[in-house]
Amino acid sequence: MENKLLIKYVDVDIYQQDLLVLKDVQLEIHSGEFVYLLGKVGSGKTSLLKSIYSELPIESGVAGVLGYDLRDLKMNDAPFLRRKIGIVFQDFQLLTDRSVYQNLDFVLRATGWKEQANIEEQIANVLNQVGMYAKRHKMPHQLSGGEQQRIVIARALLNSPEMILADEPTGNLDPETGNELIELLYNIRLSGTTVVMATHNLGWLDKFPGRVFRCDNESLVELKNNQPVTPETVDAESGN
Ligand SMILES: Nc1ncnc2c1ncn2[C@@H]1O[C@H](COP(=O)(O)OP(=O)(O)OP(=O)(O)O)[C@@H](O)[C@H]1O
């Protein structure tokens with residue numbers, strides 16, 4: 001697998017309005033990596049993810065994502081950057097007034113897909129990837145929470161992203177369903193898509209090994225293999 005550098009941050013400060021959330025962030029993420037973002041409530045995990053898809057401006061340091069310079073991103077470039085990133089966020093749920101198929105169709109058309117046959121094929125592809133093809137005509141309220149999250153992941157895969165950003169993707173799910181979902185993301189990553197995931201759940205780390213970063217006291221720190229991660233340091237659940 002090609003080891004392409006997808007994210008490079010050097011000395012980046014991340015703000016929420018006037019509040020400095022993370023300072024001097026150094027980060028390099030390559031293709032195919034599975035990356036955990038840990039940290040206490042309010043420590044900056046979501047803010048870091050939002051900076052990566054350019055929802056939060058970056059005004060210091062070097063910030064490159066998928067070949068774009070975030071500090072010099074033209075307004076016209078932002079949609080192209082975002083199309084290369086799949087987003088799995090709690091506040092980015094399915095449209096409730098249309099079926100699974102229509103939700104996916106809507107996103108494809110909004111991102112420039114026109115040929116009906118290609119659209120149908122791509123929707124079938126992503127639904128098969130998440131094991132939900134049989135439920136394509138269901139409305140969101142007819143699906144369980146875990147099934148809805150699978151569709152959200154399918155939606156994130158529509159434009160064959162180089163990277164998926166997931167913010168607490170298992171937040172509202174029971175442990176077993178959550179486990180299946182992480183397994184799904186882990187398998188997606190095996191096909192070359194990088195996954196960067198914020199979580200409070202330390203149970204995944206042993207089962208699904210990856211790189212681990214922690215937001216703490218306005219800093220982002222990588223935890224190397226031999227460093228213990230304790231629930232106290234990240235407001236975490238220790239099980240799954
Ligand atoms: N829209 C906003 N406007 C102003 N401040 C914000 C906004 N969103 C978050 N913050 C603040 O920025 C800091 C970092 O928040 P962030 O959401 O990045 O933390 P988090 O680590 O993702 O937390 P959680 O584990 O609760 O999701 C917090 O102090 C928070 O109050």
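Analyst: One term before we start: two strands pair if DSSP finds at least two bridges between them. By that rule, strand E1 (residues 5-16) and E2 pair in the antiparallel sense, over eight bridges. Keep in mind that this is a predicted model.

User: Okay. Which residue is the bridge partner of Tyr 9 in E2?

Analyst: Leu 27 is the partner of Tyr 9. Further along, Gln 16 stands opposite Leu 19 in E2.

User: How many residues sit between the strands in the hairpin of E1 and E2?

Analyst: Two. Gln 17 in that hairpin takes a positive phi, near 50°.

User: And what pairs with E1 besides that?

Analyst: Strand E4 (residues 62-65) also pairs with E1, antiparallel, over four bridges. Lys 8 stands opposite Gly 64 there.

User: In what order do the strands of the open sheet run?

Analyst: The order is E2-E1-E4-E5, four strands with antiparallel pairing. E2 and strand E5 (68-69) are the edge strands, since each pairs on one side only.

User: Switching to E9. What does strand E9 pair with, and in which sense?

Analyst: There are two partners to mention. Strand E3 (residues 34-39) pairs with E9 (residues 211-216) in the parallel sense, over five bridges. Strand E10 (residues 219-223) runs antiparallel to E9, and five bridges join them.

User: Give me some residue pairs.

Analyst: Gly 39 stands opposite Cys 215 in E9. Phe 213 has Glu 222 in E10 as its bridge partner. In the hairpin of E9 and E10, two residues lie between the strands, and Asn 217 has a positive phi near 50°.

User: Now the ligand. Which residues come nearest?

Analyst: Gln 16, Gly 42, Lys 45, Thr 46 and Ser 47 come nearest, out of 14 residues around the ligand. Two elements give two or more residues to that shell: strand E2 (19-30) and helix H1 (45-52).

User: Which element gives the largest share?

Analyst: H1 does, with three residues.

User: How does the shell divide by residue class?

Analyst: Five residues are nonpolar, eight are polar and one is charged.

User: Zooming out. How many helices and strands in the protein chain?

Analyst: Eight helices and 10 strands. The radius of gyration is 18 Å, close to the 18 Å that the globule rule gives for 240 residues, so the chain is as compact as a globular protein of that length.

User: What box do the C-alpha atoms fill?

Analyst: Roughly 45 × 45 × 35 Å, taken along the principal axes. Of the 240 residues, 34% count as buried.

User: Last topic, domains. Where are the bounds of domain 1 and domain 2?

Analyst: Domain 1 is 1-84 + 161-240, and domain 2 is 92-160. Their C-alpha centres lie 24 Å apart.

User: How many residues of each domain are in contact with the other?

Analyst: 10 residues of domain 1 are in contact with 11 residues of domain 2. Helix H6 (residues 175-190) gives the largest share of the domain 1 side, four residues. By class, that side has six nonpolar, two polar and two charged residues.

User: Great, that covers my list.

How values were computed. Residues numbered from 1 in each chain as written. Predicted model: local features only at pLDDT ≥ 70, side-chain atom pairs only at ≥ 80, totals over all residues. Near = placed C-beta within 6 Å. Nonpolar A, V, L, I, M, F, W, Y, C, P; charged D, E, K, R; others polar. Rg over C-alpha atoms; globule rule 2.2 N^0.38 Å. Buried ≥ 20, exposed ≤ 12 C-beta atoms within 10 Å, placed from the backbone. Domains from an automatic or database assignment. Contact = placed C-beta atoms within 7 Å.
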